[in-house]
Amino acid sequence: MRPIMSVTDIIKLMKMKTVQNFFVKYMALIVLVVALISFFAPRSVLWISTSWINYLLMVVMFGMGMTLKPESFVLVFKRPKDILFGVFAQYTIMPLLAFGLSRLFGLDAALTAGVILVGTCPGGTASNVITYFAKGDIALSVSITSVNTMFAPILTPFVTYLLLHTTVDVNMANLLLAIINVILIPIIFGFIINRFFAEITQKLVDWLPVVSVVAICMIIATVVSHNAEKIYTCGFLVLSVVVLHNLLGYLCGYTFGKMLEMEPAKIKAFSIEIGMQNSGLATSLALTAFPTLTMATVPGAIFSVWHNISGAALAEIYRHWDNKVYETSEN
């Protein structure tokens, strides 16, 4: 009788897991190294065209769709209040913080557009990974990310228009079409593939974090390398806004969770979900919605670098916070 797995199969599996764990564990460091190389040696990555950004993001969103199952949305009906709070917080806290910080720091129209796009985008898959590391409520995190992403074609253009229409010309139709093409269609396609070809997707799904990290790194490399000189002139200013935007998002999410008297696991998920954004989408939308405002892509790229670093650090803090209470709440 043939064994279920041969020694060769086991070795291959161990190598595969080693590669996956490396990319997940050192995601923040990998992203930082890519950003630094792109900034200090931009010519080394200029071969990555800006026209690739949408396609790279579509790959990430397709991967997210492949991880979704009908059960992913069951929580929406079991705990509608938690999900509703997540949607409300996502499309109010981060957009308003973006608007306030842009005014406070006196950003020009292009940078303001970029920062506000970061704020009005939904959370990304990175928040789910960080929630897992933080021992947070992963089901809640995935559900909020999924629902917010599904609402993005409506809410992202609408909120962006409300906050930006007096500063720049916002084409809501272009934003809507871009989100449908870059997010909705790839996610739905990935979901369908997973639904009807589960055996195939199960073999691929373990590699999705690696593919996502590579795609995100290529997006960052593209934006940073093509805007290296411009980033040099205003990098510290944008970095200050991005850091405050992200950290205040974590703090507001944490405070909101405490006010709602959530258990620790939920508070962790809520805090991370609010603070971390799909900044790759913000970069892509900036190219589509504001083609003449080239600097509008910069806040999204810098946010992509920073929130992975801050998220990894926050996860380490949260791992050791109220651990006893967290374990009790799960049992």
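The structure holds one salt bridge. The term means a side-chain nitrogen of Lys or Arg within 4 Å of a carboxyl oxygen of Asp or Glu. Side chains of opposite charge can pair when their charged atoms come close. Here the partners are Asp 82 and Lys 266, whose closest N and O atoms are 2.9 Å apart. Asp 82 sits in helix α5 (residues 80-90) and Lys 266 in helix α14, so the pair ties together parts that are 184 residues apart in sequence. Helices are DSSP runs of H or I with at least four residues, numbered from the N terminus.

This is a predicted model: local features need pLDDT of at least 70, side-chain atom pairs count only at pLDDT 80 or more, and totals for chains, interfaces and linings use all residues. Residues are numbered from 1 along each chain as its sequence is written, and side-chain values use heavy atoms, with hydrogens and water left out.

Buried means under 20% relative accessible area, exposed means over 50%, and partly exposed lies in between (1.4 Å probe, protein chains only).

Now turn to a pair of helices. Two packed helices are described by the angle between their axes and the distance between the axes. Helix α9 spans residues 138-164 and helix α10 residues 172-196. Their axes come within 9 Å and cross at roughly 160°. That makes α9 roughly antiparallel to α10. Axes are lines fitted to C-alpha atoms, for helices over the stretch in contact, and angles run from 0 to 180 degrees between N-to-C directions. Angles over 145 degrees count as roughly antiparallel, under 35 as roughly parallel, 65 to 115 as roughly perpendicular, and the rest as oblique.

Phe 158 is partly exposed, with a relative accessible area of 42%. From Phe 158 to Val 170 is 12 residues in sequence and 9.8 Å in space, C-alpha to C-alpha. Another pair is Pro 122 and Phe 151, 29 residues apart in sequence and 8.5 Å apart in space, again C-alpha to C-alpha. Pro 122 lies in the loop between α7 (109-120) and α8. At 0% relative accessibility, Pro 122 counts as buried.

Next, the backbone. Most residues other than glycine have a negative phi. Lys 135 has a positive phi, near 60°. This lysine lies in the loop between α8 (125-133) and α9. Lys 135 is partly exposed, at 27% relative accessible area. Glu 261 also has a positive phi, about 55°, although it is not a glycine. Glu 261 is found in the loop between α13 (228-259) and α14 (264-275). At 74% relative accessibility, Glu 261 counts as exposed.

Last comes the surface. Phe 22, Tyr 26, Leu 29, Leu 32, Val 33, Leu 36, Ile 37 and Phe 40 form a nonpolar patch there, with about 750 Å² of accessible area together. Such areas come from the Shrake-Rupley method with a 1.4 Å probe; for residues, only the protein chains shown count as cover. Patches are made of residues with over 30% relative accessible area and no salt bridge; nonpolar side chains (Val, Leu, Ile, Met, Phe, Trp, Tyr) are joined within 5 Å, like charges within 9 Å. Which helix gives the largest share of the nonpolar patch? Helix α2 (residues 27-40) does, with six residues. Val 33 is found in helix α2 and is partly exposed, at 39%.

Terms used:
Helices (H or I, at least four residues) and strands (E, at least two) are DSSP runs, numbered from the N terminus.
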